[in-house]
Amino acid sequence: MNKLRILIKFEWLNFRADKGLLILTALALLAGLYGIYYGTTEIERQRENIAALEVLTEQNVEEMKMKYPGDADAGDLGYYHSTFAVNHPDSWAGLSMGQRDLNPYYLKLRLLNLQSQLYDTENINPLKVLSGNFDLAFVLVYLFPLLIIGLCFNILSVEKEQGTLPLLLSQPIGPALIVGAKLVFRIILVLGMALFLSVLAMWWGRVVPDVRVVLWFGVVVLNCLFWFGVAFLVAALQKNSAFNAVTLLGVWLLLTIVIPALLNVYVSVKQPVPQALALTIQQREVVHGGWDKPKGETMEKFFALYPQWRDTAEIEGGFAWRWYYAFQHLGDVAVADLAKSYEEGLYARQQLVNSLNVLSVPVNVQGVLNAMAGSDLPAHLDFLKSASRYHDSLREFYYPFLYRQVPFTHADYAGEPRHSFTGSPDFTTIYSGLAKLLVSVLLVFTAALLLFKIRTVTVK
Amino acid sequence: MNIVLEARELRKQYQDKLALKGLNLQIQAGEIFCLLGQNGAGKSTTINLFLGFITPTSGAAYINGLEVASNVTRVKEYLAYIPENVMLYPNLTGLENLSLFSSLAGFKYAEEELMHYLVQAGLPAEAAGRRVGGYSKGMRQKVGIAIAVAKHAKVLLLDEPTSGLDPKASNEFSELLLKLSDAGTAIFMATHDIFRSKAVGTRVGIMREGELVDVLPAAGLEASELEKLYLNHMHV
């Protein structure tokens, strides 16, 4: 233990004197700080936008009141008045933004058909989406492995290459202690940085402290240990530093880019999902076709679904809002199966990714962190479901005004339902991901230890 | 007889080459054994076997009565080693390097004591606080000597230790070896330097093609005689 402490102390002296390592470490730290800034700023911007939506809704209500100073027809309001379904970011979202930049975090909803509104989103800058999020999760999952590689690619080879190993091994210490001390020093350094950045991000992002604090630390520690294990495994091969560096970068490239890209292709082929566009087009055709169908036929279909409105007044004349909203809704009903298969397809695809992510630790870790922050695909699908339920509640609110032909007064605006949704952490994904990560760490360290034991360390 | 370094039928085979052919040797405390031989004669192989850097094909090496192969770490407590080309941590100072190796050997010295060892080994005091990266080969060699001396080992293994030292420093090193020998340290030195072997050695061994072909007491032997004997063995 004493000798381990001595070696660690001298590792620190060596590290302190090595400008290259200091610059590398400082860059990693700066990247982490920028990741925290980026994530929290981006999520704060989303929060501000969501707060502005409430103001917009209230402004819209005021505009409606001015437009219809007296009693209004609920049909007009359903058409001209809009409200929003909002996906509030979880307090952890700034640490791991997941798909919150890709998928809409709010939906503008009117009483019209739902499906066309679910996929009708704001334009986004594709270049920004292409570059992805530079949040803390990105730094920890993709950049910290590079730091670990930079620190560890020559842990044993440098002793041979600079010729210090013979003198070192002529002391009463074994090669295992030398490599162990080097690894322990680097693990303390990297984990110290990773945990410091995590704590800073949690404080900066004002996260609600719960069990996820422990889980986050667990994932971060295991992720770093996995990469230390890989570096140890490569060091145990006892090749030169150049070989080690190229091999480790190759492993990083394989696990962070090649395998995820192949997984993406495989999952797309294995689990095809119907396009949301096809769903929207089919739904539009049904809705537009509604104009040409006899009103009685449309209403009969609608009353079959909602018999409580059957005894309402007959539709007379060329146009009635009741009829209009009936065929709007029937448009949604017509594509219900397609919508369901689209949703199920996305869930199944996510399941497939979850089962295959054992092939790539970065994919697994990113998935766990996103699941923790409620920013993954299932969280978005939950939001869409919540938005659908909200649309149902809007219809339930407006239908009595429409079908009983009750005038909509200014006081009725206050009764209109409002929507709020916050993605919740997916603990099933988190725990299974953690278990896989733990197994990966154990496997890589076991392999490294075995190889280290089999291949006797030579001084040259 | 206090034998602290011993080889019994020590043999090392490298694929198609027999590097050491059944070496038998005993060295007592306070004795300086100088091993002469050409490059590739098996001198470094012998030292590496005593250090436990390589394992013997057959036979055994002993340090202070402990078999090296089965006590690789423990025997290092009893020995110090100076290689032909001492390589140190370039980012650390001479003092820090000495402190590191001494600490690992179990000695905790104050800075003044470390400085004493370095100066005793011939390193200028003002160089001790500088990074080793800027040292000459000779300066590094002196730090290596200080590391070995500061370890107070029972056995000193030297592989061409004066390589890179100027004649004055080499002479001082010889005097240091004699002092250590007087203090009871057994010294095994592989060298090409016939005259230094004669000057400091208790016994001189001649090795050729992995075989210890001759062992002579240095006392009463002229350097010229030794040289002649050596050359005779080399030209057989």
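Helix 1 (residues 43-51) of chain B lies across strand 3, strand 6, strand 7 (155-159), strand 8 and strand 9 (203-208) of chain B, and runs at about 145 degrees to strand 7 of chain B. Helices (H or I, at least four residues) and strands (E, at least two) are DSSP runs, numbered from the N terminus. Axes are lines fitted to C-alpha atoms, for helices over the stretch in contact, with angles from 0 to 180 degrees between N-to-C directions. Contact means that the C-beta atoms of two residues, placed from the backbone, lie within 7 Å. Helix 8 (residues 223-234) of chain B lies across strand 3, strand 9 and strand 10 of chain B, at about 20 degrees to strand 9 of chain B.

A word on the model itself: it is predicted, local features need pLDDT of at least 70, side-chain atom pairs count only at pLDDT 80 or more, and totals for chains, interfaces and linings use all residues. Residues are numbered from 1 along each chain as its sequence is written, while chains are lettered from A and ligands numbered from 1 in the order in which they are written.

**The sheet of chain B**

What is the strand order of the open sheet in chain B? Its six strands follow the order 6-7-8-3-9-10, with mixed pairing. At the edges are strand 6 (79-82) and strand 10 (211-217) of chain B, each of which pairs on one side only. From one strand to the next, the twist averages 15 degrees. Strands of a sheet pair through backbone hydrogen bonds, either parallel or antiparallel. Here two strands count as paired if DSSP finds at least two bridges between them. Some pairings from both chains are set out below.

| Strand pair | Sense | Bridges |
|---|---|---|
| Strand 3 and strand 8 of chain B | parallel | five |
| Strand 3 and strand 9 of chain B | parallel | five |
| Strand 9 and strand 10 of chain B | antiparallel | six |
| Strand 1 and strand 2 of chain A | antiparallel | four |

To find your way in the structure, start with Ile32(B), whose bridge partner in strand 8 of chain B is Ile187(B). Leu35(B) stands opposite Gly205(B) in strand 9 of chain B, and Met207(B) stands opposite Leu212(B) in strand 10 of chain B. The hairpin of strand 9 and strand 10 of chain B has two residues between the strands, and there Glu209(B) takes a positive phi near 45 degrees.

In the loop between strand 5 (66-67) and helix 2 of chain B you will find Ser70(B). Is Ser70(B) buried or exposed? Ser70(B) counts as exposed because it has 11 C-beta neighbours inside 10 Å. The scale is this: a residue is buried if 20 or more other C-beta atoms lie within 10 Å of its own, exposed if 12 or fewer, and partly exposed in between, with C-beta atoms placed from the backbone. The C-alpha atoms of Ser70(B) and Pro56(B), 14 residues apart along the chain, are separated by 11 Å.

**Chain A**

Chain A has 18 helices and three strands. Its radius of gyration, taken over C-alpha atoms, is 29 Å, well over the 23 Å that the globule rule gives for 460 residues, so chain A is more spread out than a compact globule. That rule is 2.2 Å times the number of residues to the power 0.38. Along the principal axes, the C-alpha atoms of chain A fill a box of roughly 105 × 40 × 35 Å. Of its 460 residues, 41% count as buried.

The three strands of the open sheet in chain A have the order 2-1-3, with mixed pairing. Strand 2 (106-109) and strand 3 (421-422) of chain A stand at the edges with a single partner strand each, so one side of each is left without a neighbour in the sheet. Ala85(A) stands opposite Leu107(A) in strand 2 of chain A. Helix 2 (residues 19-67) of chain A lies across strand 1 and strand 2 of chain A, at about 165 degrees to strand 1 of chain A.

**Where the chains meet, and the cores**

In chain B, 22 residues are in contact with 19 residues of chain A. Helix 3 of chain B gives the most to the side of chain B that touches chain A, with five residues.

The largest nonpolar core has 150 residues, of which Ile148(A), Ala231(A) and Ala146(B) touch the most other members. Such a core is a set of buried Ala, Val, Leu, Ile, Met, Phe, Trp, Tyr and Cys residues joined through C-beta atoms within 7 Å. Helix 10 (residues 211-236) of chain A supplies the largest share of this core, 17 residues.
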